[in-house]
Amino acid sequence: MDKDRTINYYNSNAKEFASGTVSIDFECIQRKFIGRLSEKSVILDFGCGSGRDTKYFLSQGYQVEAVDGSIELCKLASEYTGIEVKNIFFNELAEVEKYEGIWACSSILHLPLNELAQVMRKMVIALKDNGIIYTSFKYGTFAGERNGRYFTDMTEDTFADFIKQVENVRIEELWITSDVRPERGEEKWLNLILRKK
């Protein structure tokens with residue numbers, strides 16, 4: 001039910017959500033991510049939303065695959081990026097050692113903890129050796145519905161505890177940022193770069 005509510009939210013609010021996020025300047029974190037990748041690496045934008053980050057990575061010469069659980073966001077992101085954005089749910093990821101990098105910006109935070117661990121294992125399997133994951137969570141200890149969507153928030157300690165359930169991956173870097181959207185600066189985010197062992 002939680003997944004259905006969250007997906008329904010994004011399908012119903014796709015245009016508003018995309019227009020509110022597509023123009024945000026996220027280059028500082030995008031560059032931190034691609035700075036760890038070799039040229040023309042294959043990136044999976046995992047829960048791509050508006051397609052903002054996919055378009056940026058494409059512009060930098062990377063090969064990008066993009067997916068989202070919301071069919072309406074897939075349509076908008078496909079139009080915006082010029083590539084086909086596939087409509088799949090996180091737990092349907094089935095690639096093996098395909099990507100140098102997986103970008104999961106403000107996306108997998110919609111999964112409850114038990115599903116998050118399963119999906120994170122699939123993400124690690126989908127990475128090539130020594131590949132990286134960027135992901136972000138709202139900062140805190142809340143888990144449940146907020147504004148029509150399910151969220152699992154994280155702190156440094158709760159994520160460090162959580163990631164012990166996932167083999168062959170380690171935290172390479174973590175940092176806290178303020179929300180980049182107008183009027184949302186008081187919201188904090190936990191940003192993580194993980195490395196496949």
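**From a buried threonine to the sheet**

Author: Thr21 is buried, at a relative accessible area of 11% (buried is under 20%, exposed over 50%, partly exposed in between, with a 1.4 Å probe and protein chains only). Keep in mind that this is a predicted model, where local features need pLDDT of at least 70 and side-chain atom pairs count only at pLDDT 80 or more, while totals for chains, interfaces and linings use all residues. Numbering runs from 1 along each chain as its sequence is written, and side-chain values use heavy atoms, with hydrogens and water left out.

Thr21 belongs to helix H2, residues 14-21 (helices are DSSP runs of H or I with at least four residues, strands are E runs of at least two, numbered from the N terminus). Skip its neighbours within four places in sequence, and Thr21 is in contact with Ser50 and Arg52 (contact means heavy atoms within 4.5 Å).

Next stop, Gly49, which sits in the loop between E1 and H4. Gly49 is buried too, with a relative accessible area of 9%. Not counting residues up to four places away in sequence, Gly49 touches Phe17, Asp68, Leu73 and Ala77. Its C-alpha is 8.1 Å from that of Ser70, 21 residues away in sequence.

Leu73 and Ala77 lead us to helix H5 (residues 71-81), whose buried residues are Leu73, Cys74, Ala77 and Thr81. Down the axis of H5 these fall within an arc of 105 degrees, so they line one face of the helix (the arc is taken over directions from the helix axis to the C-beta atoms). As a rule, an α-helix has 3.6 residues a turn, so residues three or four places apart point the same way. Just after H5, Gly82 takes a positive phi of about 80 degrees.

Helix H3 (residues 27-34) buries Ile29, Gln30, Phe33 and Ile34. Those residues fall within an arc of 130 degrees down the H3 axis, so they line one face as well. They pack against several elements, including E4, E5 and E9.

That brings us to E5 (residues 127-138), with 9 of its 12 residues buried. E5 pairs with E4 (residues 99-104) in the parallel sense over 5 bridges (pairing takes at least two DSSP bridges), and with E9 (residues 188-196) in the antiparallel sense over 7 bridges. Thr135 of E5 stands opposite Ala104 and also opposite Leu192 in E9. Finally, E4, helix H6 (residues 113-126) and E5 form a right-handed β-α-β unit: with the strands pointing away from the viewer, the path from the first strand over the helix to the second runs clockwise.
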